[in-house]
Amino acid sequence: MNGPRSGVVLQGAYPPAEFEGMVERIDALGFDHLWLTDSSLHARNSYAYLTLAAKASPRLRLGTAVTNPLTRHPAITAAAAATLDEISGGRMILGMGAGDRPLLALGMKPSPIATLRASVAAIRELWSGAHVSVEDRAFTLHDAQLQFAARADIPVYIAASGPRTLELAGEIADGVILLVGLFPEALAWAIEHVDRGAAKAGRARPHVAVFAYGAIGEDQEAAMASARSIAAWFPQTAPAISELAGIPATLVKEVRKRYEGGEFQEAEEAARLLPDDFVRSVALAGDEAHARGRVAAAIDAGADSVHVFPLGADRMRTVETFASVFAEVAGGDPR
């Protein structure tokens, strides 16, 4: 299929047997991708759960959403991703980013752009079988070589919300995961920066994957409540998106003060400060009609795929509804 594709993003927040059942259902609904978050202490190990997913589904493309160069040495990540690629029969995507609020619990800050660039380059070299030496401020390799055969062209996607990381993704990545909300101005701004990076490298724009956090339901008040916590993530981690949405600088400052670290689920108090319209702009936070509008905005902006990150009490209900919404907007089934 040449049209847009769809996927689901999950956290390792479920017991193994329940998770495997969810993967089977996601496969049956026709989604193309399944991503697992890699957030240090906040969920079960992403690589272990991706292995479960590889066994539960013979078809889904599998990825980290996302890992970073700090909590694991890039050589360990290279080996883990290559192992999963082998287990899954070549279905692995390595999603990487600079890291996020949960790093604070480990005494770390997000990775510098230079370290993210160096880690992607080193991982690809290791997959190629080369002897690799790197001296980066965050990691070192001395004549290192992966001692088993790996697929050299495992795709690497970079998650991005700021201009420098968006441009890096355009320059070097096989795909970019946009964490910029779901309204046209933010999507256009982000893709413009991706295109700048691609033009700098003299290459075509990489695959654009938009992540859509939130909840879909006829009880719009409940859907809004489920989705609201993600809205606080933007003032803290992606202030440019808040500015594009017209959030006053004073409100951004107050949200940042109340949400200093941790996963976005821990931002409930700060999120209550943000207006409903902003939540609807950056998240799935309403009924099917609202979701159709958000998905259409992503596709119209140039997304090659849209991936639902369900929040709230009934996450599989949101996944199932998203499958039908996506099919209606994009045409055909979610694949």
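1. Let's start with a term: a residue counts as buried when its relative accessible area is under 20%, as exposed when that area is over 50%, and as partly exposed in between, using a 1.4 Å probe and protein chains only. Helices (H or I, at least four residues) and strands (E, at least two) are DSSP runs, numbered from the N terminus.

2. Before you dig in, note that this is a predicted model, where local features need pLDDT of at least 70, side-chain atom pairs count only at pLDDT 80 or more, and totals for chains, interfaces and linings use all residues. Residues are numbered from 1 along each chain as its sequence is written, and side-chain values use heavy atoms, with hydrogens and water left out.

3. Have a look at strand 7, residues 156–160. Five of its five residues are buried, so the rest of the structure largely encloses this strand. Val156, Ile158 and Ala160 point one way, while Tyr157 and Ala159 point the other way, and all of them are buried.

4. Now for the neighbours of strand 7. Two strands pair if DSSP finds at least two bridges between them. Strand 4 (residues 92–96) runs parallel to strand 7, and three bridges join them; here Gly95 stands opposite Tyr157. Strand 8 (residues 175–178) is also paired with strand 7 in the parallel sense, over four bridges, and in this pair Ala160 stands opposite Leu178. To get from strand 7 to strand 8, the chain goes through helix 5 (residues 163–172), in a right-handed β-α-β crossover. Right-handed means that, with the strands pointing away from the viewer, the path from the first strand over the helix to the second runs clockwise.

5. Next, two backbone spots to check. Most residues other than glycine have a negative phi, and most peptide bonds are trans. Ala65 and Val66 are joined by a cis peptide bond, with omega about -10°. Val66 sits in the loop between strand 3 (61–64) and helix 3 (74–87). Asp143, a residue other than glycine, has a positive phi near 50°. You'll find Asp143 in strand 6 (residues 140–144), where it is exposed, with a relative accessible area of 51%.

6. Last stop: Glu288, in helix 13 (residues 288–301). Which residues is Glu288 in contact with, leaving aside its neighbours within four places in sequence? They are Ile216, Glu218, Thr321 and Val325, where contact means heavy atoms within 4.5 Å. Glu288 is partly exposed, with a relative accessible area of 30%. From Glu288 to Leu311 it is 23 residues in sequence and 15 Å in space, C-alpha to C-alpha.
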